[in-house]
Amino acid sequence: MPLVGEERHEVWALGPEAGGHALRSSELPNIVLPDRHGGDFSLRSLRGTKVFMIAWASW
Amino acid sequence: MTVALDAGGIEAAAPWIDRAKTTHPALIDSTHLLGELLGMVNVPSGIWIDMHGVIVRPPEPAFPWRPRQPSDELLAQLPAIAAEQLREAQKIRIEPERYLAALRDWVARGSESPYALSPDEVVARSRPRSEDLARGAACFELAEYLRRAGHERQATHWFREAHRLDPENWTYRRQAWSLADPLQGPTEDFESDWLTDVRKIGPENYYPPLAL
């Protein structure tokens with residue numbers, strides 16, 4: 001896993017494991033993201049229903 | 001559900017979410033975590049997930065409809081760079097009709113739909129991750145952290161490094177450009193801009209062909 005750093009600010013970032021594909025399996029990773037009001041939302045809470053997820057951006 | 005890949009966070013995404021009056025979960029991914037975990041490189045990207053939490057289609061271009069063509073009157077009111085971008089954007093190839101038909105088929109038929117892929121195919125169709133792409137992800141994450149911490153110059157350096165290592169990742173480029181210039185036009189911070197890069201590859205190649 002690649003490690004890059006900005007030594008002056010003592011900050012490093014660890015990247016994902018290289019090789020293969022972005023998806024290691026078809027199981028959705030346990031992702032928790034904030035909603036519009038800042039509350040945490042777990043994608044696992046949607047189990048039991050089909051989900052169409054669309055990523056967008058204001059830019 | 002929707003997820004905004006937006007370093008601007010809630011502040012950037014909320015006006016759009018509020019205006020849309022969403023009734024679905026509308027989340028915000030300010031660190032582009034989905035890009036790293038799922039291999040997203042452009043927006044809009046769609047992913048299909050079945051009732052058991054299994055991905056049946058990995059990230060791919062997802063236009064639910066064809067954007068309205070801007071009128072000459074509207075274009076005349078915009079900054080010149082924005083008008084040029086919109087004109088170029090009209091040449092981008094998208095296939096909303098086919099995508100929507102496939103999506104509706106899966107919604108109705110679930111695992112019986114031919115558009116629901118097997119687990120092996122989902123993985124195989126997800127983005128290959130080379131050493132450079134993995135390192136690019138780390139650079140982008142570092143850049144974002146530095147930017148939030150107020151270290152703009154260092155952040156720009158790591159954004160540029162992410163762009164160099166992952167030149168096909170439009171989310172990395174567009175996010176960084178937008179932070180330097182909301183119109184994503186030419187700046188001193190970056191070697192290129194949206195319009196220049198789209199014209200370089202050809203707008204018809206901005207998204208990969210839809211492989212249903």
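Ground rule before anything else: helices (H or I, at least four residues) and strands (E, at least two) are DSSP runs, numbered from the N terminus. I'm looking at a predicted model, where local features need pLDDT of at least 70, side-chain atom pairs count only at pLDDT 80 or more, and totals for chains, interfaces and linings use all residues. Residues are numbered from 1 along each chain as its sequence is written, and chains are lettered from A and ligands numbered from 1 in the order in which they are written.

**Entry: A:Leu23**

I looked up A:Leu23 and found it in the loop between strand 2 and strand 3 (32-34) of chain A. Buried or exposed, I asked of A:Leu23? A:Leu23 has 24 C-beta neighbours inside 10 Å, so it counts as buried (20 or more other C-beta atoms within 10 Å of its own, C-beta atoms being placed from the backbone). Leaving out residues up to four places away in sequence, A:Leu23 touches B:Leu38, B:Gly39, B:Ile55, B:Pro58, B:Val122, B:Val123 and B:Ser126; contact here is C-beta atoms, placed from the backbone, within 7 Å.

**Entry: the A/B contact**

Next I checked the chain contact, which takes 43 residues from chain A and 68 residues from chain B. On the chain B side, helix 7 (residues 131-148) gives the largest share, 10 residues. That side of chain B splits into 43 nonpolar, 15 polar and 10 charged residues (Ala, Val, Leu, Ile, Met, Phe, Trp, Tyr, Cys and Pro are nonpolar, Asp, Glu, Lys and Arg charged, the others, Gly among them, polar).

**Entry: strands**

Strand 5 (residues 51-56) of chain A runs parallel to strand 1 (residues 2-5) of chain B, joined by 3 bridges; pairing needs at least two DSSP bridges between two strands. I noted A:Ala55, whose bridge partner in strand 1 of chain B is B:Val3.

Within chain A, strand 1 (residues 3-6) pairs with strand 2 (residues 11-14) in the antiparallel sense over 4 bridges. A:Gly5 has A:Trp12 of strand 2 as its bridge partner. This hairpin has 4 residues between the strands, and A:Glu10 takes a positive phi near 55°.

**Entry: helix 7 on helix 8, chain B**

Helix 7 of chain B packs on helix 8 (residues 152-165) of chain B at about 160°, axes 8 Å apart; axes are lines fitted to C-alpha atoms over the stretch in contact, with angles from 0 to 180 degrees between N-to-C directions. The two helices are therefore roughly antiparallel (over 145 degrees). I sorted the residues of this contact into 11 nonpolar, 2 polar and 5 charged.

Key. Two residues are in contact if their C-beta atoms, placed from the backbone, lie within 7 Å. Angles under 35 degrees count as roughly parallel, over 145 as roughly antiparallel, 65 to 115 as roughly perpendicular and the rest as oblique. A residue is buried if 20 or more other C-beta atoms lie within 10 Å of its own, exposed if 12 or fewer, and partly exposed in between; C-beta atoms are placed from the backbone.
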